[in-house]
Structures are given as structure tokens and as C-alpha cells.
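Welcome! Please have a look at the sequence and the 3D view below, and then read on for a short tour.

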Amino acid sequence: MNHSKLSSDNYHIHISARQKLFDLKLKEVWEYRDLIWMFTKRKFTVYYKQTILGPAWLLLSPLITGLIYAFVFGGIANINTEGVPGILFYLSGTAIWTFFSSSLMNNASAFTSNAHLFGKVYFPRLTVPIANVLSSAIDFCFHFVPVAVFLIYYILAGRVTPNWAALALLPVCLLHLGIMGLGFGIIISSLTTKYRDLSILIQFGVTLWMYATPVVYPLSMLEKGWMKTVLLINPATMPIEFFRYALLGQGTIDPFCLTVSWITTMMIALLGIIIFNKVERNFMDTV
């Protein structure tokens, strides 16, 4: 067999600057799905590799946060939880919000934290934001463990009745928030390549966003007025209310607002990808 001659016609890879903003190259992203999984595993293992308790923090963190919320908002502020046991109400809210906020925060630094990698080798840049969302989804599975334990206990005690028909749609709810976090995250990441001080504000902004979302209180506690209107406009409100509606059997679902939230989410994701593609062409000159 002659190995001295290789045909260059069999493989042809052409790498060039993107000319179209809507050139999403989703087929290419799919072809690099193994790389997405590698990035996902790397982020998970590196983050917990040099910790004392390792992934156990994923169980302890939401549990401690839920207990603090139950003490402050349920015990001191005496906020009504629609008949749901306080600890379960706050644990579920913490779990779903942490998934969304981590998807957003991880992608808010997608360019700056991976500049060393982007500048050395070519691969579809969207693989990194997608891997960040998948990593947050793995974290959510751990966060959900204490929620599941308390949920089973209160179901057996007859104090909670999930909406069994809606439970099958929980993955859609996670997809909704994951796409939203990806969209907002890559928009912020694209802007911080030039305006670094935005990264200082993002953590503060996400905290404010949490209090403008029914995470530590139910939407039903607000009467009609401007405050409730603001919450309904918030695209994160309906998926979080739906999460509780399916899981705990309590929640305020407005089909119109849920539809608007989905439309807003897809528009933000599309806008984020457009900006991401544009900044990708020359971000190494500004990072």
C-alpha cells in the first residue's frame, strides 16, 4: 500500500471570517457535540476539583440557602406560600433560579474567560455557551435532590399535591430558562469584551432581577397594580411560576404572559447569537 500520496480532494475545510450575521452554523455546532460534552465535563470537574467537599456543595448550598430564606421570608417576614410548606417552597425556588442565574452568569464571561482558547484553535464558538448551560443543568440535578426528598415527604404527609399532568413539561421549563440565560449571557459577554465595567454590575443586576421575580414569594400575593405588571412583563416570571405549578400544585399561570415570555426568550437568544457572531470576528483585538 502506498502511503506516500494523500489525496487533498477527500477533505476540504475552509475557515474564514463570517460574513453574515444570521450564519448560525448549527450543523457545524452539532458536528462538534463531543467538544460540547468535553467542555461541560471540564467545567464541572475543574470547579469542584480542589474543594474540600467537592460536588457535595451542590447539595449543601441550596439547602442552606433554602433554610435561610425560610427563616427570613417565611419566619420573620411571614410571607404566604400558598399553603406549600415553607422549606419546600424556598428550596424549589432556589433550585430553579440558581439554574437560570448560573446559565446567565457563566455565559456572561464566555469571551473573556476563554480568550486564551479562542485565540489558539478554531471551533464553533457557540459550543462554549451551550456547554455552560449544560453544566448548569447538571448542577440543577444535584440542587433538585433536597427538593425531591422534601417533596416526597410532604406528598406522603398529604400536604402537597403536584400537578401530575404538568410534571412532564418540566424539561420544557428548564429549556425555556436555559435558552433565556444563554441569550442574555452571550449579549453581556459580547458587550464586556469592550466595556469591562459591565462585569462589575452583572452580579448586582442578577440579584435585583431575583427580587423582581417570584422566587421568594408567590405571584398571587400581589394585587393588581404596577408592581404585578412589572412582574408579568419579566420574562423569567412565568417559567418559574410554571415550575412551582407543576411541582407543588400551586402557582399563577397566565397563558398569554407565558407565550410572550417564550417569544421574548427566542428574540433575546437570536439577538444574542447575532451580536455574538459579530463580536467574534474581532474580539481578540479588544479582550
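Predicted model: local features only at pLDDT ≥ 70, side-chain atom pairs only at ≥ 80, totals over all residues.

Tyr 154 counts as buried because its relative accessibility is 11%; buried stands for under 20% relative accessible area, exposed for over 50%, and partly exposed for values in between, with a 1.4 Å probe and protein chains only. Residues are numbered from 1 along each chain as its sequence is written, and side-chain values use heavy atoms, with hydrogens and water left out.

**Aromatic rings**

There are 12 aromatic pairs in the structure. Rings of Phe, Tyr and Trp (its six-membered ring) pair if their centres lie within 6.5 Å, and planes under 30 degrees apart count as stacked, over 60 as edge-to-face and the rest as tilted. Phe 100 and Trp 209 make an edge-to-face pair, because their ring planes stand at 85 degrees, with 5.1 Å between the centres. Phe 100 belongs to helix H4 (residues 86–108) and Trp 209 to helix H10 (residues 198–211), so this pair ties together parts that are 109 residues apart in sequence. Helices here are DSSP runs (H or I, at least four residues), as are strands (E, at least two), numbered from the N terminus. Are these two partners buried or exposed? Phe 100 is buried at 1% relative accessibility, and Trp 209 is buried with a relative accessible area of 17%.

| Pair | Centre to centre | Angle between planes |
|---|---|---|
| Phe 100 and Trp 209 | 5.1 Å | 85 degrees |
| Tyr 153 and Tyr 154 | 5.1 Å | 75 degrees |

Ring pairs also link Tyr 69, Phe 73, Phe 89 and Tyr 90 into a cluster. Arg 244 lies over the face of Phe 89, at 3.8 Å from the ring centre; a charge sits over a ring if NZ of Lys or CZ of Arg is within 6 Å of the ring centre and within 35 degrees of the ring normal.

**Helix H3 and the overall fold**

How far apart are the end C-alpha atoms of helix H3? They are 27 Å apart, which agrees with the 28 Å that its 20 residues (57–76) should span at 1.5 Å a residue. The expected span is 1.5 Å times one less than the number of residues. After H3 comes Asn 78, whose phi is positive, near 55 degrees.

Taken as a whole, the protein chain has 13 helices and 0 strands. Of its 287 residues, 44% count as buried.

**Met 180 in helix H9**

Met 180 is found in helix H9. At 0% relative accessibility, Met 180 counts as buried. How many residues separate Met 180 and Met 266 in sequence? They are 86 residues apart in sequence, and their C-alpha atoms are 7.6 Å apart in space.
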